[in-house]
Amino acid sequence: PGVKAHSHYDHVHNLFLQVSGYKRFVLIPPSNFSALKPYPHLHPRQGQSQIDIETTPLPSSVSKAMYFTMVEPGDLLYVPPLWTHHVTAFDSAMGPPISVSFWRAAPSEDVQKELWELALPLSSKWPLYLKTAGVYSFVLTLLATMDKSGHASKCAERLEKGDAPMISLGCLKTALDLLKDLRASRYSSLLEGKLVSEGARDYQCVLHPGEGLVKISAGGSVYEDLVELQHENLKAIKEKSLIAFKIVEKLLPEERVIIVFDYIEKVVLASVGISNLFDVLLKIPDVCVSKNITATHVIPPSA
């Protein structure tokens, strides 16, 4: 009695049948997943919350969104995909808690597969700083296509119509906020540690307002270093970002941010490798102003 299933979400439709005993469910919609601090997508506990919702104070917005129910023998409960659920089991006079789940794959699984198969406009022959620049540009452009609730942004509409070569400053701000949400929710324990290692290299965050392309590069001749990326890959980065968002649009708005955050982790891993994954996710610049070169930011050197 009292055995618990820690807060987690699944990529399936779940019909939950209680056979004997009782189980108490706490259900939380996907729109609140960031506040629950889910483990990173590449973590063995992916899909689980890093916090105990029974002992950790939660924002009022999350508390108000919670659903509570007790399932009894013969009850059938539907748990939607990507809804976080926390379950506690209880014995009864009729016997121990026994239940059966009937699962059916949800659209999020198909969307993930489509995203994984999308080739990125990056070259394996590029040095690490160019790969980092390219993946950062792709990630920010993708995030700029949606707002914080997962709906299509005005920037996505402009990019699709061809009215803008790349993201605007307003859309960039939203993208940066989403990126900070990703880092704060999934990597908070890492962010509490020392971020800058000794011997770190200087990296600069560059925004060309006329194009809206955000890039980072090792200190020095930034513009010249990134001419190839800027001219040959600018269009491809925009097109791939829009394709990725069109794939994600098949989901409900509140589900999109979860899937995109998972996708970003895998994109960064594929682009810069496991040894550089956390450096890129945690230490790339999170603020760019509308000048050719901003103040210097610091991230560790390549492995």
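## Salt bridges

Over the whole structure, a search finds 7 salt bridges. The model examined here is a predicted one. In general terms, side chains of opposite charge can pair when their charged atoms come close.

One of the salt bridges joins the side chains of E54 and K4, with a distance of 2.4 Å from N to O. E54 lies in the loop between strand 3 (22-28) and helix 1 (60-65), while K4 lies in strand 1 (residues 4-8), so this pair ties together parts that are 50 residues apart in sequence. E54 is partly exposed, its relative accessible area being 38%. K4 is likewise partly exposed, with a relative accessible area of 47%.

## Charged pairs of helix 5

A salt bridge also links K180 with D177, and their closest N and O atoms are 3.8 Å apart. Both residues belong to helix 5 (residues 169-186); because they are 3 residues apart there, about one helical turn separates them. How does the burial of the two partners compare with the cut-off of 20% relative accessible area, under which a residue counts as buried? D177 has 18% relative accessibility and therefore counts as buried, whereas K180, with a relative accessible area of 32%, is partly exposed.

R186 forms a salt bridge with E265, and the closest N and O atoms of this pair are 2.5 Å apart. The pair links distant parts of the chain, since R186 is in helix 5 and E265 is in helix 9 (residues 253-272), 79 residues away. Both R186 and E265 are buried. Elsewhere, salt bridges that share partners join K4, R24 and E54 into one network.

Strand 6 (residues 84-90) pairs with strand 3 in the antiparallel sense over 7 bridges. Within this pairing, V26 stands opposite H86 of strand 6, and L27 has H85 of strand 6 as its bridge partner. Strand 6 also pairs with strand 1, again in the antiparallel sense, over 3 bridges. Here H8 stands opposite H85 in strand 6. Strand 6 is mostly covered, with 6 of its 7 residues buried. As a general point, the side chains of a regular strand alternate between the two faces of the sheet.

## A nonpolar surface patch

Which residues make the nonpolar surface patch? L15, V19, L76, Y78, I98, V100 and F102 form it, and its area is about 620 Å². Strand 2 (12-20), strand 5 (76-79) and strand 7 (98-105) each supply at least two residues of the patch. The largest share, 3 residues, comes from strand 7.

## Residues with positive phi

K37 is not a glycine, yet it has a positive phi of about 50°. K37 is placed in the loop between strand 3 and helix 1, and with a relative accessible area of 30% it is partly exposed.

L82 is not a glycine either, and its phi is positive at about 70°. L82 is found in the loop between strand 5 and strand 6. Is L82 buried or exposed? Its relative accessible area is 0%, so L82 is buried.

Note on methods:
Residues are numbered from 1 along each chain as its sequence is written. This is a predicted model: local features need pLDDT of at least 70, side-chain atom pairs count only at pLDDT 80 or more; totals for chains, interfaces and linings use all residues. Side-chain values use heavy atoms; hydrogens and water are left out. Patches are made of residues with over 30% relative accessible area and no salt bridge: like charges are joined within 9 Å, nonpolar side chains (Val, Leu, Ile, Met, Phe, Trp, Tyr) within 5 Å. Accessible areas come from the Shrake-Rupley method with a 1.4 Å probe; for residues, only the protein chains shown count as cover. A salt bridge is a side-chain nitrogen of Lys or Arg within 4 Å of a carboxyl oxygen of Asp or Glu. Helices (H or I, at least four residues) and strands (E, at least two) are DSSP runs, numbered from the N terminus. Buried means under 20% relative accessible area, exposed over 50%, partly exposed in between (1.4 Å probe, protein chains only). Two strands pair if DSSP finds at least two bridges between them.
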